[in-house]
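Subject: Structure handover

Hello,

I am passing on the structure we talked about. Please look it over before reading my notes.

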Amino acid sequence: SGTAYRSAGELQSLTGTVTLTKDAIADKGEGWYLDNQGCLHIFGAVTTIYNPADGLHTPWEIYREQIKTVVTEPGATIDTCENMFKDCVNLTSADLSHLDTSKVESMSWMFSGCRSLTHVDVSNFDTENVERMIDMFNNCRKLCELDLSSFRAIDDAVFMDGMFGGCGRLYSLKIGSFSPLIAYTEYTFFG
């Protein structure tokens, strides 16, 4: 709605027109583009693809090895965060401060396998509808600090199994208020 492609070289986003040369874009889709430096830009509504045989897929999944950084703009939304950056092994930083997560129910496997991730900004995440955070940061081996103080879970059960499993360098973790109940936390800090 607020996002449209005007031509091969221009993107119209909520914050204005971005002019790009043809060789500056590796690929683009509705609400996102990947530039040749490996930066994934999310600026509008992104819809995941469901395959009954193997679950949810993001439209940039085929580029997961090329993605090095992620930035979001105001107006960026997604229907689910499940598998969003799963196995983006070269992802080092993700600024998701403008991503609207108010309707998201699952953040499971969101960063699972992002073994190069050193910085992630989820400071504005709305987690009140989130029911599952299974393996959310699993095997983020280089992640040292994480601020989840904005996370609020009001559902009766939040599944957090393996959420920080394999995060051996994580020494600073700021956690918000999960209430009334966090359930199913087996192996949350395993490894």
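The notes below go from the whole chain to its confidence and then to a few single residues.

Overall picture

Please keep in mind that this is a predicted model. The protein chain contains 16 strands and 0 helices. It has 191 residues, and 48% of them count as buried. If you take the contacts between residues at least 6 apart in sequence, 68% of these join residues at least 24 apart. The chain exposes about 9300 Å², with carbon and sulfur atoms supplying 48% of that area.

Confidence

The mean pLDDT of the protein chain is 81, and 76% of the residues reach 70 or more. Strand β12, residues 93-95, has the highest confidence, at 98. The lowest is in strand β1, residues 4-7, where the mean is 32. Residues 1-17 stay under 50 in pLDDT throughout, and the model gives this stretch 44 contacts beyond four places in sequence. Residues 183-188 are also below 50; for them the model has 22 contacts beyond near neighbours in sequence.

Most residues other than glycine have a negative phi.

- Asn-83 has a phi near 65°, a positive value in a residue other than glycine. Asn-83 sits in the loop between β11 (76-78) and β12. Its relative accessible area is 14%, so Asn-83 is buried, the cut-off being under 20%.
- Asn-139 is not a glycine either, yet its phi is positive, at about 65°. The loop that holds Asn-139 runs between β14 (119-121) and β15 (145-148). Asn-139 is partly exposed, because its relative accessible area of 30% falls between the cut-offs of 20% and 50%.

A contact of Asn-83

Which residues is Thr-58 in contact with, leaving aside its neighbours within four places in sequence? They are Thr-48, Asn-83 and Met-84. Thr-58 itself lies in another loop, the one between β9 (55-57) and β10 (69-72). With a relative accessibility of 4%, under the 20% cut-off, Thr-58 counts as buried.

Regards

Note on methods: Residues numbered from 1 in each chain as written. Predicted model: local features only at pLDDT ≥ 70, side-chain atom pairs only at ≥ 80, totals over all residues. Heavy atoms only, no water. Helix = DSSP H or I, 4+ residues; strand = E, 2+ residues; numbered from the N terminus. Buried < 20%, exposed > 50% of the residue type's maximum accessible area, 1.4 Å probe, protein only. Contact = heavy atoms within 4.5 Å. Areas by Shrake-Rupley, 256 points an atom, 1.4 Å probe, with all protein chains shown as cover. pLDDT = per-residue confidence, 0-100.
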